[in-house]
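Please find below a short note on the structure under review.

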Amino acid sequence: MTRTAASPASSRPVRRRLFRKKALQAAIVYPLLLLTTVITLGPFLWLLSTSLKTGDNVYAYPPQFIPNPITFKNFTDVFGIMPLWRYIGNTVCMTALGVLLNLMLCTMTAYPLARLRFPGRNAIFFTMVSTMILPNAGGMIVNFLTIRWLDLYNNMIGVVLPSAISIFNVFLLRQAFITVPNDMEHSARIDGAGEFRIFAGIMVPMIRPAIATVVIFDFMAFWNSLIWPVIVLDDRAKYPLGPALKYLNSNLAYNFPYIAAGTIISVIPIIVIFLVMQKQFINGMVGAVKG
Amino acid sequence: MLASKLFRRQIGFAYLMLLPGSILLIVFTFYPIVRGLPLAFTDYSVVDTTHWVGWRNFHRAFTDRIFGTALKNSLLYVLVVPVLQILSILMAVLVNNKLRFVSFFRVAYFVPVVTSMVAASIAWKWVYEEQGILNFLLMKLGVVREPISFMVETRIALYGVMIVTIWKGLGYYMMIYLAGLQSIPGELLEAARIDGAGGWRVIWHVTIPLLMPFVLLCSLLSVMGAIQVFDEVFVMHGPLGDPAYSTLTTSIYSYKVAFQDFEFGYAATIGLLVSLIIMVFSILMFRYTRRGGLTYYD
């Protein structure tokens, strides 16, 4: 950093001044960064700490920051107290189904709107976009009635179906399809590729970043969903993690360490995936809003 | 000849591709918009026969004390917007420093954004315990003498939930503002400095005006989210907005009226009134955004 600014004559004082400025900056910025970290991660770290405590230490006063002794008993016990594996299974099922359906349906809907010429194209597109602004007053209520009418009440399909396609995703993917250069398509056509081959074999792989954004958005939306599964599912054994934890938090409040352990287990997958794909997560979520 | 054949083949293919998605959109997106409006003028419930009741549901809403409370709380909830935006801008400035490990902090601040509101609410409920860590720290620092009942005290319960909303949104808006800060051309800042502007004047006259489009966009997003707040209230205080309706918001109330009292007609009316409020808010903000010149810079 400092070397680029240094010229032979003034090298020493400039370097020293820059160094001092840098040190001052660090002395102010790092404490603030650490303080903010305590605030943003504190509640989860406190929950983690609680989940690792033995019974007597949970309500100890003054509170124990680092549990002593550390026990994993809450984590092993919680699987016996609630059907946690089933909830995890339900969540994985719901999320996988939701993400897959969105991927298929949204790319299939966005592609013709971006790259094919057919009558009514603009009308269809503008109708779709206009629903993003129109008030959707009875959304949840009417969809609930529709789900019952379709006989999908208390069924995982009924949870996923209303959000199996999102206009926001279609919009995002359409923008991406538009930017794919024409040459690829032309040469494939000359080689005699059919319409579907062009779509699935050439176009979809070309818009991988946009697809990653859609997958991340939907993965988070389905994994973290709360109220719609509560409305559609009658049988609590079919609950995904979010609703299950909400109800256990009300009913099992006397034994909080179990709730803490269950909650920690529920956030681990998404945090791990986030840490592995942090670039895509952040770029996707920020880019989608800016664009 | 060949071109027209290709064109015809494309048309068929296009409609075929559009079909499945369109059916779902018609059923689950268009139909609710069309059906929601007349529903608000009926006494539809699952158990009874349905009648057209005219404006009765609207009269009921305007005289319904509980709805009044819910509406007041929802509007009060918009208070999170300025706090959230100012704090996220400060955080963005903080992580925009070119120092070692800064990217580690960026990631750490984003963790609450990706986790579920259920988990966040459970964690915060535990933080808010009367014997909990927050009261311990506040007492240790001498801010308060008696522990505060964040969950039970009617005057502060709603603010307790607001803090959770703010906390969970910080990382997200910070990232948008960071993108905004980094898109400001370095030459512009350089030019201002050469013209003799000091650090604060550069921030005030160059950085903030250029960041304005981002501020307006983020504010719009968070106003809409704030008025429709649901998950955190639902997990922390249940479908009645305990204690004594002090945390009841319109979304929670509409859920309770629809799915616990099964008065779908009245719930649709509430939903309609709330959508109208949101529309007014967003039209106002869109107009303001135009004037602010969102287009000029992007």
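**Domains, overall form and confidence**

1. In this predicted model, a distance of 36 Å separates the C-alpha centres of domain 1 of chain A and domain 2 of chain A. The domain assignment places domain 1 of chain A at residues 8-71 and domain 2 of chain A at 79-290.

2. Contact between these domains involves six residues of domain 1 of chain A and six residues of domain 2 of chain A. On the domain 1 side, helix α2 (residues 11-51) of chain A is the leading contributor, with four residues. By class, that side of domain 1 of chain A comprises three nonpolar, two polar and one charged residues.

3. Chain A contains 16 helices and zero strands. Its radius of gyration is 26 Å, whereas the globule rule gives 19 Å for 291 residues; chain A is therefore more spread out than a compact globule. Along the principal axes, the C-alpha atoms of chain A occupy a box of roughly 75 × 70 × 40 Å.

4. In chain A, 38% of the 291 residues count as buried. Among contacts in chain A with a separation of 6 or more, 71% are between residues 24 or more positions apart.

5. For chain B, the average pLDDT is 87, and 96% of the residues score at least 70. Within chain B, helix α6 (residues 117-128) has the highest confidence, at a mean of 94, and helix α14 (residues 294-297) the lowest, at 40. Residues 292-298 of chain B remain under 50 in pLDDT, and the model has 10 contacts beyond four places in sequence for them.

6. For the complex, the predictor reports an ipTM of 0.86 and a pTM of 0.88.

Definitions and conventions
Residues are numbered from 1 along each chain as its sequence is written. Chains are lettered from A and ligands numbered from 1 in the order in which they are written. This is a predicted model: local features need pLDDT of at least 70, side-chain atom pairs count only at pLDDT 80 or more; totals for chains, interfaces and linings use all residues. Helices (H or I, at least four residues) and strands (E, at least two) are DSSP runs, numbered from the N terminus. The radius of gyration is taken over C-alpha atoms; the globule rule is 2.2 Å times the number of residues to the power 0.38. A residue is buried if 20 or more other C-beta atoms lie within 10 Å of its own, exposed if 12 or fewer, and partly exposed in between; C-beta atoms are placed from the backbone. Two residues are in contact if their C-beta atoms, placed from the backbone, lie within 7 Å. pLDDT is the predictor's confidence in each residue, from 0 to 100. Domain bounds come from an automatic or database domain assignment. Ala, Val, Leu, Ile, Met, Phe, Trp, Tyr, Cys and Pro count as nonpolar, Asp, Glu, Lys and Arg as charged, and the others, Gly among them, as polar.
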